[in-house]
Amino acid sequence: MNLKKTILITGGAGFIGSHLVRLYVNKYPDYKIINLDKLTYAGNLANLKDIEDKANYEFVKGDIVDADFIHDLFCKYEFDGVIHLAAESHVDRSITNPTEFIFTNIVGTTNLLNAAKFIWKENNKENLFYHVSTDEVYGSLGKTGFFVETTPYDPRSPYSASKASSDHLVRAYYHTFNLPVVISNCSNNYGSFQFPEKLIPLFINNIRENKPLPVYGKGENIRDWLYVEDHAIAIDTIYHNGKIGDTYNIGGHNEWTNIALIKVMCKEMDKRLGRKIGTSEKLITYVKDRAGHDLRYAIDSTKLQEELGWKPSLQFEEGIERTIGWYLENEDWLKNVTSGQYQKYYEEQYEKR
Ligand code: NAD
Ligand code: TYD
């Protein structure tokens, strides 16, 4: 087996991507890791400060929607593998501006597939196009049941529809052109470096600033939460041991209603900030529900656990404590990402609700 590989990670300056880049750069000194990122509002090179000077790491700024640029990049580096995470990733933004999601998530993915198909004419056994996707492609569950790899797709937001479309294209390139691909669909991630538009970091930031906590609807929607570093380990496991053409579901077996999760966060934040227990809960404010709000996501990751031996390493209680601790210790990071454009986003998303 060739240990020297050049691997392209797209979206490596984002939340999950930065954890994956860090894992790969540190774990595989013989791999050359190229991080391609457009640095949208969600991409931040400060997420990778600790590894930016490593010899096996290189950052390239660029847009996956630019087909010529992507083609030239693949010709220049002759990547052995691709792990594709770059995406527009926030459901609320997809409701406000669906078109951006179509360009990045569908056209961008197709450009990467075309470039990989072009340079991997020989179909070397070591090539792999790994597409990172979401459980939201399966739609919304009722009170019972789990998503398995064969659950029919039923996306219901512009975000999940664009991710579903990209998954279909990746499978189409496998069946039609024999491109070596693998796909994983993961549940909601949480942890350090997540942009404070998603529930957990948004609410940590608002509690810190004594701002209202905008709970959509009645707070009864259910999500399965996985610690981001466990997702990165799952991707590594699948990249090296997954079966070409297969799909793997990744999840935490850790379901919470939003309101129960928010109350845990409020209590932990009160403890950390030295506030009387119950203080932060008073910030909870029920607001107009998200349009088309999926009721419940729950993942069955038995296939990944039984075939490849992965399982989540961290209990939720420890994960959420670590996460809250990280945001409180990294106020500068939070202040930096919430200055400028963020204020405008926040006003448009919440203050008119
Ligand atoms: P994120 O929004 O934090 O990061 C996305 C990154 O992609 C950013 O660095 C951004 O600059 C970059 N990017 C966006 N458009 C680009 C373009 N046109 N060209 C190049 N780079 C571009 O997202 P995330 O939460 O880290 O999610 C990463 C991937 O994992 C996504 O594909 C998402 O669908 C998937 N996923 C996320 C979750 C979750 O809970 N966050 C769960 C399952 C799957
Ligand atoms: P989010 O973090 O946006 O992830 P996703 O929609 O991809 O699951 O939201 C998680 C849950 O929290 C979801 O049910 C919507 C809800 N939510 C709120 O109640 N208020 C908020 O301000 C946000 C961002 C989310």
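**View 1. Backbone and side-chain contacts of ligand 1 in the predicted model.** A backbone N or O atom of L85 lies 2.9 Å from an oxygen atom of ligand 1. This counts as a polar contact, meaning a pair of N or O atoms within 3.5 Å; within protein, one must be able to donate a hydrogen and the other to accept it, and residues adjacent in sequence count only if both atoms are side-chain atoms. G14 also uses a backbone N or O atom, placed 3.0 Å from an oxygen atom of ligand 1. From T104, a polar side-chain atom is 3.3 Å from a nitrogen atom of ligand 1. The protein buries 97% of the 830 Å² that ligand 1 exposes when taken alone (areas by the Shrake-Rupley method with a 1.4 Å probe; for residues, only the protein chains shown count as cover).

This is a predicted model, in which local features need pLDDT of at least 70 and side-chain atom pairs count only at pLDDT 80 or more, while totals for chains, interfaces and linings use all residues. Residues are numbered from 1 along each chain as its sequence is written, chains are lettered from A and ligands numbered from 1 in the order in which they are written, and side-chain values use heavy atoms, with hydrogens and water left out.

**View 2. The shell around ligand 1.** Ligand 1 is surrounded by 29 residues, and the closest are I16, D37, S89, Y159 and K163 (a residue is near a molecule or strand if one of its heavy atoms lies within 4 Å of it). By class, the shell holds 12 nonpolar, 12 polar and 5 charged residues. Here Ala, Val, Leu, Ile, Met, Phe, Trp, Tyr, Cys and Pro count as nonpolar, Asp, Glu, Lys and Arg as charged, and the others, Gly among them, as polar. Strand β5 gives the most to this shell, with 3 residues (helices, H or I of at least four residues, and strands, E of at least two, are DSSP runs numbered from the N terminus).

**View 3. Polar contacts of ligand 2.** A polar side-chain atom of H293 is 2.7 Å from an oxygen atom of ligand 2. L199 places a backbone N or O atom 2.9 Å from an oxygen atom of ligand 2. A polar backbone atom of P214 lies 2.8 Å from a nitrogen atom of ligand 2. Of the 510 Å² of accessible area that ligand 2 has on its own, the protein covers 98%.
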